[in-house]
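Visitor: I have a model open and would like to go through it. Can we start with the open spaces and then move on to the rest?

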Amino acid sequence: MPPNTFTINGSVREMNIWPENTTFPEHEGKAEFVSYCGICHSLKYISSQPDFPRKTWDAEVHKMIAKYNAPIDSVTGKKIVDYLVAIKSKP
Amino acid sequence: MYLLTDRPPQLETPLNILRQDITPNEYFFVRWHLSQIVTKIDIDTFRLYINGDVDKQLTLSMNDLKTKFAPDSVIALAICSGNSRSTFSPKVPGSQWGNGAMGNAKWKGVRLKDILAMAGVKNGAINVSFQGMDKGALPGVPNFVKSLELSHAMDGEVLVAYEMNGEPIPMLNGYPLKLVVPGWYATYWVGSLNTVNVLADTFHGFWMDKAYQVAKNPALNESPDSLSKSTVPLTNINLHSIFVEPEPGDTVTVNKPRLVEGLAFNDGARIQKVEVSFDNGKTWMETKLNPELGKYSWRRWKCDWTPKTAGRYHLCVKATDEKGRTQPDKQWNRSGYARDFIEHLDVTVN
């Protein structure tokens, strides 16, 4: 069970969320993937996915940019998709 | 619990916990959309804001909610729109839930109808939107805001809950207030709720218009090669049934009675029957239903099974409700929402 603590001090409640420690294989594009994808959510969001074809990863990264306003330009976006395909793709 | 993701957190309830009629708070599934969730709050300074097309804008403290309104309770199933997503084939991107993104709880709070009556809804208001205190990491990330038709908001069943199973709502599940929309998927059950806006126009926002869309047909169905061009927001809980006993991979002893148990649920219509098959759907037998806990609670079903020969068995379960609805053999949609295709379970008997 991940470590987290809950405290109640009078009327104040506080919670400490567990630290992240997902590791990823070395491959071209890893730096872009880690720094950009990790802005809005932990990288476990990706490691918990099954393998997908390039088409699906392309659509997901595009969704992050178009719908969630991820600050990723097209060059970086392609690097990230290439990385995802390298580590988690199926034909 | 199973940690699907950590920031924002998503935790899944183990299947054996679903053998309890009421899901304990410490095992209740967790799902947030935005990474900056509430991690520290002073309840004395917390306020619920009622704004918009009302005679009197309200600022309500927790004490106001507990003393100025008659409390109401409901036992209602909370189920993630994407519960069981990992069972869709072909697989789809998204939180890879098994069957554990669901829980049955007794929710206590104030009827939204009563809060809106105190504010006085103006003529011409048609929608109500709901926002919590969670935020995205960047300003461009869409705020998590959901909306309901005014008539739904005023139906007397939608609750602003401040208690879950007799305790304040856990912080991971939306302390201090959670919107409870019985019979609808939990995407509408806004956590850490603090803003209610009454609107004269239809609400438009990412989490209502772009996210949580399903194919516009009664079965909410589509195929990977032929995605539906029209979509509508996902709303009512689909009729579905699952096994909670035995679990996948369990071994059963030949010639000994074995309890087979599960749950059936939908958007509030009475479950009429639940049938189980031990031969991959060739023949079906009716199971025994537990008494109802409430129209929005899940319904537990049970039967005893004494397999006469060893081997691999392929069990299935399907529910029928009083509206004549039953379950399809197959179902797929691009987002893995609203699973309702018949559940299968492989069991080895020796």
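This is a predicted model: local features need pLDDT of at least 70, side-chain atom pairs count only at pLDDT 80 or more; totals for chains, interfaces and linings use all residues.

Visitor: Fine. What volume does the second largest pocket have?

Guide: Its volume is about 420 Å³.

Visitor: Which residues lie nearest the centre of that pocket?

Guide: Phe6(A), Glu26(B), Pro170(B), Met171(B) and Leu172(B), out of 20 lining residues. By class, the lining of this second largest pocket has 12 nonpolar, 4 polar and 4 charged residues.

Visitor: And which strands supply at least two residues of the lining?

Guide: Strands S1 (5–9) and S2 (12–16) of chain A do, together with strand S12 (167–168) of chain B. S1(A) gives the most, with 3 residues.

Visitor: Now the closed spaces. How many cavities of 30 Å³ or more are there?

Guide: The count comes to 3. The largest cavity has a volume of about 290 Å³. It is lined by 21 residues, and Arg31(B), His33(B), Lys178(B), Ala186(B) and Trp189(B) lie nearest its centre. That lining divides into 12 nonpolar, 6 polar and 3 charged residues.

Visitor: What about the second largest cavity, how much space lies in it?

Guide: About 100 Å³. Of the 15 residues that line the second largest cavity, Ala269(B), Ile271(B), Gly294(B), Lys295(B) and Ser297(B) are the closest to its centre. Its lining has 7 nonpolar, 4 polar and 4 charged residues.

Visitor: Let's step back to chain B. How many helices and strands does it have?

Guide: Chain B has 4 helices and 25 strands. Its radius of gyration is 21 Å, close to the 20 Å that the globule rule gives for 350 residues, so chain B is as compact as a globular protein of that length. The C-alpha atoms fill a box of roughly 70 × 45 × 40 Å along the principal axes.

Visitor: What share of chain B counts as buried?

Guide: 58% of the 350 residues. As for contacts in chain B with a separation of 6 or more, 71% come from residues 24 or more positions apart.

Visitor: Which residues of helix H2 in chain B are buried?

Guide: In H2(B), residues 112–119, Leu112(B), Ile115(B), Leu116(B) and Ala119(B) are buried. They cover an arc of only 95 degrees around the axis, which puts them on the same side of H2(B).

Visitor: Why would residues three or four places apart point the same way?

Guide: Because an α-helix has 3.6 residues a turn.

Visitor: And what follows H2(B)?

Guide: Gly120(B), with a positive phi near 80 degrees.

Visitor: On backbone geometry, which residues are joined by cis peptide bonds?

Guide: Arg7(B) and Pro8(B) are joined by one, with omega about -10 degrees. Pro8(B) sits in the loop between strands S1 (2–6) and S2 (9–12) of chain B. Another joins Tyr175(B) and Pro176(B), with omega about 5 degrees. Pro176(B) is in the loop between S12 and strand S13 (178–180) of chain B.

Visitor: Where is Ser84(B) found, and is it buried or exposed?

Guide: Ser84(B) is in the loop between strands S7 (71–79) and S8 (102–111) of chain B. It counts as buried, at 1% relative accessibility. Phi of Ser84(B) is positive, near 70 degrees.

Visitor: And Asn69(A), what is its phi?

Guide: Near 60 degrees, also a positive value in a residue other than glycine. Asn69(A) lies in the loop between helices H3 (54–66) and H4 (74–87) of chain A, and is partly exposed, with a relative accessible area of 42%.

Technical notes: Residues are numbered from 1 along each chain as its sequence is written. Chains are lettered from A and ligands numbered from 1 in the order in which they are written. Side-chain values use heavy atoms; hydrogens and water are left out. Buried means under 20% relative accessible area, exposed over 50%, partly exposed in between (1.4 Å probe, protein chains only). The arc is that of the directions from the helix axis to the C-beta atoms. On a 1 Å grid over the protein atoms alone, a cavity is a set of points where a 1.4 Å probe fits but cannot get out, and a pocket is an open set with protein on both sides within 12 Å along at least five of seven lines; lining residues have an atom within 4 Å of a point. Grid points are joined across faces, edges and corners, and a volume is the space filled by probe spheres set on the points. Ala, Val, Leu, Ile, Met, Phe, Trp, Tyr, Cys and Pro count as nonpolar, Asp, Glu, Lys and Arg as charged, and the others, Gly among them, as polar. The radius of gyration is taken over C-alpha atoms; the globule rule is 2.2 Å times the number of residues to the power 0.38. Contact means heavy atoms within 4.5 Å.
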